[in-house]
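Work through the exercises below with the sequence and the three-dimensional structure open beside you.

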Amino acid sequence: MAKHQFRLYLSGNTDENEALVKNVQQSLESLESLFGKDGFDFNQLSILEHGEQAQFDGIFCTPTLLQTKPKKEKFIGIASIKNLKEALKTSSSS
Amino acid sequence: MSKNILTIDDEQGIRDVFTMAFEDDDEVNVFTAASGQEGLEHIKDQDISLVFLDLRMPGMNGVDTLKAIRKDHPDLKVYILTAFYYEFMTELEACTKAGIDFELMHKPIQLQQLRAVVKSVLESGVATIS
């Protein structure tokens, strides 16, 4: 199984966004068993600094968690970590 | 119970998109404003749950309007409507450096994307888009 890759697009480096990064990272770590032995990569990008990359990735709002591998999917409305975990589980099993 | 959203944009066409997007939705009421000042009056008078704010407007622009909103409403969710071009982003960097929170939504707007964003914010749900 290919390594899962996630990219979190944010509106900038605010306290609120820093907290969101931590929560998303912890959510992914808690779901690590879903991603197989290769695990996952996770990084974050500010659209203020990476607007062209965001457009290339089809991002239309913040915050968006983009999964680029093994399949491309966007998760929006990720402030609810509980719901994000559910969405990741559903995506992983489909 | 229905919730109120507000779009502040000097372009009539953009305001119409918001109105059309939710005209058959009993759970979302759309208020529109053609200027920052008009938008602030709506926020004062109505129980607004979510704001979409154009970055570039004549008179009071998006950044000035955002700063005015934050004075009395630090937790109100505000999406700045803008193309993701570098020259637009630099205008917003000063806000983040000043600790002013906002989210971004890409312009031009597509109806389905708009509905997904509004629903996810108002219902604290996650939308998955392939």
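**Exercise 1.** Describe how α1(A) and helix α3 (residues 81-93) of chain A pack.

Solution. The two helices, α1(A) and α3(A), pack at an angle of about 40 degrees, with their axes 10 Å apart; here axes are lines fitted to C-alpha atoms, for helices over the stretch in contact, and angles run from 0 to 180 degrees between N-to-C directions. That angle makes α1(A) oblique to α3(A), since angles under 35 degrees count as roughly parallel, over 145 as roughly antiparallel, 65 to 115 as roughly perpendicular and the rest as oblique. The crossing of α1(A) and α3(A) is right-handed, a crossing being right-handed if the near helix is turned clockwise from the far one by less than a right angle, and left-handed if anticlockwise. As the next step, list the residues in contact (heavy atoms within 4.5 Å): A:N23, A:V24, A:S27, A:L28 and A:S30 of α1(A) meet A:I81, A:L84, A:K85 and A:L88 of α3(A). Sorted by class, these residues divide into five nonpolar, three polar and one charged, where Ala, Val, Leu, Ile, Met, Phe, Trp, Tyr, Cys and Pro count as nonpolar, Asp, Glu, Lys and Arg as charged, and the others, Gly among them, as polar. Helices (H or I, at least four residues) and strands (E, at least two) are DSSP runs, numbered from the N terminus.

The model is predicted, so local features need pLDDT of at least 70 and side-chain atom pairs count only at pLDDT 80 or more, while totals for chains, interfaces and linings use all residues. Residues are numbered from 1 along each chain as its sequence is written, chains are lettered from A and ligands numbered from 1 in the order in which they are written, and side-chain values use heavy atoms, with hydrogens and water left out.

**Exercise 2.** Characterise two helix pairs of chain B, α2(B) with α3(B) and α1(B) with α5(B).

Solution. Begin with helix α2 (residues 36-45) and helix α3 (residues 62-72) of chain B, which pack at an angle of about 20 degrees with their axes 10 Å apart, and which are therefore roughly parallel to each other. Their contact is made by B:G36, B:L40 and B:I43 of α2(B) and by B:T65, B:A68 and B:I69 of α3(B), and by class it has four nonpolar, two polar and no charged residues. Turn next to helix α1 (residues 12-21) of chain B, whose axis comes within 10 Å of that of α5(B) and crosses it at roughly 65 degrees; α1(B) and α5(B) are therefore roughly perpendicular to each other. In this second pair, B:V17, B:F18, B:M20 and B:A21 of α1(B) meet B:L111, B:L114 and B:R115 of α5(B), a set that divides into six nonpolar, no polar and one charged.

**Exercise 3.** What area do chain A and chain B bury between them, and how many salt bridges does the rule find across their interface?

Solution. The two chains bury about 2,300 Å² between them, 57% of it on carbon and sulfur atoms; buried area is the accessible area (1.4 Å probe) that two parts lose on being put together, summed over both. Of the area that chain A buries against chain B, 31% is supplied by A:L48, A:F60 and A:I76, more than by any other three residues. The contact takes 28 residues from chain A and 26 residues from chain B. Across this interface the rule finds one salt bridge, defined as a side-chain nitrogen of Lys or Arg within 4 Å of a carboxyl oxygen of Asp or Glu. B:K77 forms a salt bridge with A:E16, the closest N and O atoms being 3.9 Å apart.
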